[in-house]
Amino acid sequence: MALDTAIQTPPNFDVPGPKPAGHVCHLHYAPLWRDLVEQLPTLEGRVIDVGCGLQPYRKLLGSKVTEYVGVDRAGPLSHPDVEGDALSLPFEDATFDSLMSTQVLEHVVDPRKALVSMARVLKPGGRVVLTAPGTWPAHEVPYDFTRFTRWGLEVMFSEAGFTDVKIAAQGGTWATIGQMLALEVNHHSPFRLLVPLINRLFGYLERSSKAREDLVLNWLVTARKV
Ligand SMILES: C[S@@+](CC[C@H](N)C(=O)[O-])C[C@H]1O[C@@H](n2cnc3c(N)ncnc32)[C@H](O)[C@@H]1O
């Protein structure tokens, strides 16, 4: 499938991706986008995007990709090339060279089983780039089941059959507090005007403080199939 397929987005849907400094989700998307811009062009061969949604990050894949297959359940906010469940991906073993999955693992009822399913469809040595939340309000309910820690992700990836597991925080304590505050303030009309100020203040604190990971907004995981 061509990499540049245009996808129609539903009206009023805020497509995932980089957001301006005054946007209510700026603190979340800034590190997420930075990391995906760095990581996704390194994937190669046949790539599966598990829980692809509207395929917002497909455009970041590079010239080493020979085929892209977005997999998701059918729905108004998904545009799968193949309909399927992350828990039992509808492909033969060792079909893909690379796998990407962004902000999906919290929505599957059994993330361990999903990771085993992802490992199964990857060839030995195949690479994974996955992101998942550490802290975020409930969303896509009732399909919102869990949040992750560095230690939980390490164990789950290792047990599912991945090696070289590297985990990086996408937003530490200040970014997390700022993002939660911005989201809450945004619900209350007169205070909404404070969002750009909150972004600027907590963005500055995040950049200028020693990175602490007591609270983490989001995680980037890169790994290889054993
Ligand atoms: C928060 S959205 C993320 C979409 C896209 N990856 C992105 O980053 O914009 C979560 C996606 O996971 C999909 N999803 C949830 N459970 C799934 C499952 N069991 N199998 C496949 N996709 C699933 C949803 O349909 C939705 O498209």
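How many Å is a nitrogen atom of the ligand from an N or O atom in the side chain of arginine 73? In this model, which is predicted, a nitrogen atom of the ligand lies 3.3 Å from an N or O atom in the side chain of arginine 73. The points below place that contact among the other features of the ligand site and of the fold.

**Ligand and its surroundings**

- The ligand is surrounded by 17 residues, and the closest of these are Gly51, Asp72, Asp85, Ala86 and Thr102.
- The space that the ligand takes up is the largest pocket.

- A polar backbone atom of alanine 86 is 2.8 Å from a nitrogen atom of the ligand, while an N or O atom in the side chain of threonine 102 is 2.6 Å from an oxygen atom of the ligand.
- The ligand taken alone would expose 590 Å², and the protein buries 89% of that area.

- An open sheet is formed by 7 strands, which follow the order 3-2-1-4-5-7-6 and have mixed pairing.
- Strand 3 (82-83) and strand 6 (162-169) each have a single partner strand because they stand at the edges, so one side of each is left without a neighbour in the sheet.
- Strand 5 (residues 122-133) and strand 7 (residues 218-225) run antiparallel and are joined by 7 bridges.
- Threonine 131 has leucine 220, in strand 7, as its bridge partner.

**Backbone geometry in the loops**

- Most residues other than glycine have a negative phi, and most peptide bonds are trans.
- The peptide bond that leads from valine 141 to proline 142 is cis, with an omega near 5 degrees, and proline 142 is located in the loop between strand 5 and helix 3 (150-160).
- Alanine 94, a residue other than glycine, has a positive phi, with a value near 50 degrees, and alanine 94 belongs to the loop between strand 3 and strand 4 (96-102).

Key. Residues numbered from 1 in each chain as written. Predicted model: local features only at pLDDT ≥ 70, side-chain atom pairs only at ≥ 80, totals over all residues. Heavy atoms only, no water. Near = heavy atom within 4 Å. Polar contact = N/O pair within 3.5 Å; in protein donor to acceptor, adjacent residues only side chain to side chain. Areas by Shrake-Rupley, 256 points an atom, 1.4 Å probe, with all protein chains shown as cover. 1 Å grid on protein atoms, 1.4 Å probe; cavity = no way out; pocket = protein on both sides within 12 Å on 5 of 7 lines; lining within 4 Å. Sits in = over half its atoms within 2 Å of the grid points. Pairing = 2+ DSSP bridges. Helix = DSSP H or I, 4+ residues; strand = E, 2+ residues; numbered from the N terminus.
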